[in-house]
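Student: I would like to learn how to read a structure like this one, step by step. Could we look at it together?

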Amino acid sequence: IMVQLVGPLRKELADSLSSCRVLVVGAGGIGCELLKNLVLTGFKNIEVIDLDTIDVSNLNRQFLFQKNHVGKSKAQVAKESVLRFCPSANITAYHDSVMNPDYNVEFFRNFQLVMNALDNRAARNHVNRMCLAADIPLIESGTAGYLGQVTVIKKGMTECYECQPKPTQKTFPGCTIRNTPSEPIHCIVWAKYLFNQLFGEEDADQEVSPDTADPEAAWNPEETAARASASDQDGDIKRVSTKDWARSTGYDPVKLFNKLFKDDIMYLLTMDKLWKKRKAPVPLDWAEVHQLGRSQDDMCGAGLKDQQVLSVGGYSQLFQRSVETLRAQLKEKGDSAELVWDKDDPPAMDFVTAAANLRMHIFSMNMKSRFDVKSMAGNIIPAIATTNAVIAGLIVLEALKILNSDFQQCRTIFLNKQPNPRKKLLVPCALDRPNPNCYVCASKPEVTVKLCVHKTIVQTLQDKILKEKFGMVAPDVQIEDGKGTILISSEEGETEANNGKFLSDFGIRNGSRLQVCVCLEELPRDVEFEVVGDAPEKAPPPSVPEEEKSITNGNKDSAQPSTSTKAEAEDDDILIVDSDEEPSSSTTDVSMETGSLKRKLQDAETGETASKRKRLDQQPAAEDDDDDDDIIALD
C-alpha cells in the first residue's frame, strides 16, 4: 500500500522538508516503509539508527533488504537501498543501539523531528525521555498484526509515551527470545516457539537455538556479516532442523533437556559480550536436577493445583511427562504429522509451562504457576507488511503537519482490523493532554547540580545530594543502561562496595540516566556543591510509610523501569548531569527518574511487581581529565 499525497506541496513546506534534519529510530518493518516514504516526499537530511542485522525471516516484508543482505546492518543496507529512490538525499546510518550514551540529549537536539519505528518498549521509553529532555517533537508508532497506531508527542502539549500504562508487549526481538530473556513473557514465547519447532509447523521466525548473529554480541558490522555468512556454510557439519534432530533421538526427554537447558546455555555463555552487564545464565543438568528433585517437595506453596509453583525438579519431571505424551500423540497421527498448540490442551500447556519455567530459572527469574503461564501465553501476533505500510504513510502525514506549524491538526490515529460503525478503518482521535501524575513528563522536570564526576563518590551522591539536599530517605538508584543495573540500594549491604567509588568509575557520562525511588524528609543543605536552578529549599516530611522491600537479585520478572502512577506516590525527581564544555567521554549527563515510593512498584507494562535489577559487579575504568565539571539536573 502506497500512501500518496494529492497535489504538490506548498513551496515553503517543500523547502522546509529539504532543509530539516529528521531522525528515524528503527529500520525494520515500519522503518523500511518510512524511509522510502520520506525520500519520496522530499525529505533530504535523514539519519537512521538500528542495532539489528538482517535475518532471512525479515525478507517477506522488509522490502529494502534482499537475500544477499542477510547478516548485514539493517541501517546501512536501508540507507543504500533508499538512496536508489533519491540519490540526492543525505542519509546517515548508525549500526548501534539508540540507548548508547553517545546518543544523548545534545544528539537529539540536532533534529527538528524524531520518528520511532521500534519493536521494543525499553527503547521507546528511552527515546521518549530523550525527546522530552531535548524538547523535540516525537512521532511514535507501532503495529500488531492488522492493528496499528500513530501518535504525536510534544513536551507540555500532549501525553508522553509513558503517561499511561501499556498492555503487555506481545512481539519481541528474536535475539531477546533466543539469547537474553529478561522477563517471564520472553521465556513463555520461547517455549511456544519450541513446541512448534518440535511438534508443530516449523517457522523460520520461531527459531529457539542461540542466535550466533546477535548484533549485541558482535558490535562490528563486518564481524556480524562474517558470522552470518559462516552460519550458511556447512563445512564438515551437517545442519539439521530442531524437529529432525529430535526425531533422530526418538524424542528422548533427557537428551532434549540437556540440549535445551545445558548445551545451548553453555554455548550462550561463550558469547561473553552478552554478559558484561547482565547476570549470566546458569545451565541445568538432567542428572543433577533429577537427583535434586528426589530430595525436595515438588510444590512450593499451597493453593489450587494450577496456582502452585513447582520446584526445578518438579518442572523437569513435568517436562519429561509432557514430552512423552506429545511424542505418543505424534506417533498416533503417523509420519509427517504436526500438532497444534492450544492452551486448553493439557499436554501442550504442561510442556510450555515446564519449558518456560526451566528457562526462567536459568536466567534468574521468579518462576510462574501454570495459571500465570496460561494467562500470559496469548496468540503470537504476526507482522503484516500492509499494516506497516499504512502506518508509515500516516507517520509522514503527521510529520508534514508538524513541519507546517499546524500542530493543532495533529492526531492519534488508530488502524483497526474491522471497520467501525461509521465504516472507517482509520480512526483519528484528538491528542490527550499530559498526565499530571506522570513521573516522566512532570511540569518541572529538572534541577541542575554542578559537580565533578571524577571527584564525586557514590556515597556523596547518596548522602550529601540525594538525602541531605533533596530530602530523600533510603533512595534506590539504578542506571538506565537497558539492563537496570543497581548503583545504590536501600537494602543494607547490597551495594556498600560501591560507596567509595567515583561516579565516573561506573561509566556514568553525558546523557546517562538514573532512576530513583524515594521518599522525602527535611535535612540540612550541603555546601560541597553548587545547585543551579530550582532546588527544594525545604523538603517535606515523609507522608507515606516505607513499603516492603523486594528480596530479588539479578534479572527478575521485569527488566524495564516501572511506570507506576500510584496515588500515594511521593514527589518525583530526575537527576541529569551536563557539562559546561562540549560533550565528551569525560563529561556526564545523568538523569534520575523517581518513581513512586520504594520497591514493589506495580509495573504498568507487565502487571507484575518491579524487582531488583542486577547490581554493578564490573565497572569501566575511570576516564582521564579529573578537572572537568559536570552538571547534574534533577527533574
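Tutor: Let us begin with confidence: pLDDT is the predictor's confidence in each residue, from 0 to 100, and it stays under 50 over residues 518–525, for which the model has 35 contacts beyond four places in sequence, a contact being heavy atoms within 4.5 Å. Under 50, too, is the pLDDT over residues 577–635, where the model has 289 such contacts. This is a predicted model, in which local features need pLDDT of at least 70 and side-chain atom pairs count only at pLDDT 80 or more, while totals for chains, interfaces and linings use all residues. Residues are numbered from 1 along each chain as its sequence is written, and side-chain values use heavy atoms, with hydrogens and water left out.

Student: What is the mean pLDDT of the chain?

Tutor: The mean is 75, and 69% of the residues reach 70 or more.

Student: How should I read a helix, and what span should H7 have?

Tutor: Helices (H or I, at least four residues) and strands (E, at least two) are DSSP runs, numbered from the N terminus, and the expected span of a helix is 1.5 Å times one less than its number of residues. Helix H7 holds 16 residues, 184–199, and should therefore span 22 Å, which agrees with the 22 Å between its end C-alpha atoms.

Student: Is H7 buried or exposed?

Tutor: Buried means under 20% relative accessible area, exposed over 50%, and partly exposed in between (1.4 Å probe, protein chains only). In H7, 16 of the 16 residues are buried, so the helix is largely enclosed by the rest of the structure.

Student: How do I read a salt bridge, and how many does the structure hold?

Tutor: Side chains of opposite charge can pair when their charged atoms come close. The term means a side-chain nitrogen of Lys or Arg within 4 Å of a carboxyl oxygen of Asp or Glu, and the structure holds 11 salt bridges. Among them is the one between aspartate 52 and lysine 74, whose closest N and O atoms are 3.5 Å apart. Aspartate 52 lies in the loop between S2 and H3 and lysine 74 in helix H3, so the pair ties together parts that are 22 residues apart in sequence. Aspartate 52 is partly exposed at 26% relative accessibility, whereas lysine 74 is buried at 5%.

Student: Which helices does the salt bridge of aspartate 350 with arginine 370 link?

Tutor: In that pair the closest N and O atoms are 2.9 Å apart. Aspartate 350 is in helix H13 (residues 346–362) and arginine 370 in helix H14 (residues 370–376), so the pair links distant parts of the chain, 20 residues apart. Arginine 370 counts as buried, at 16% relative accessibility.
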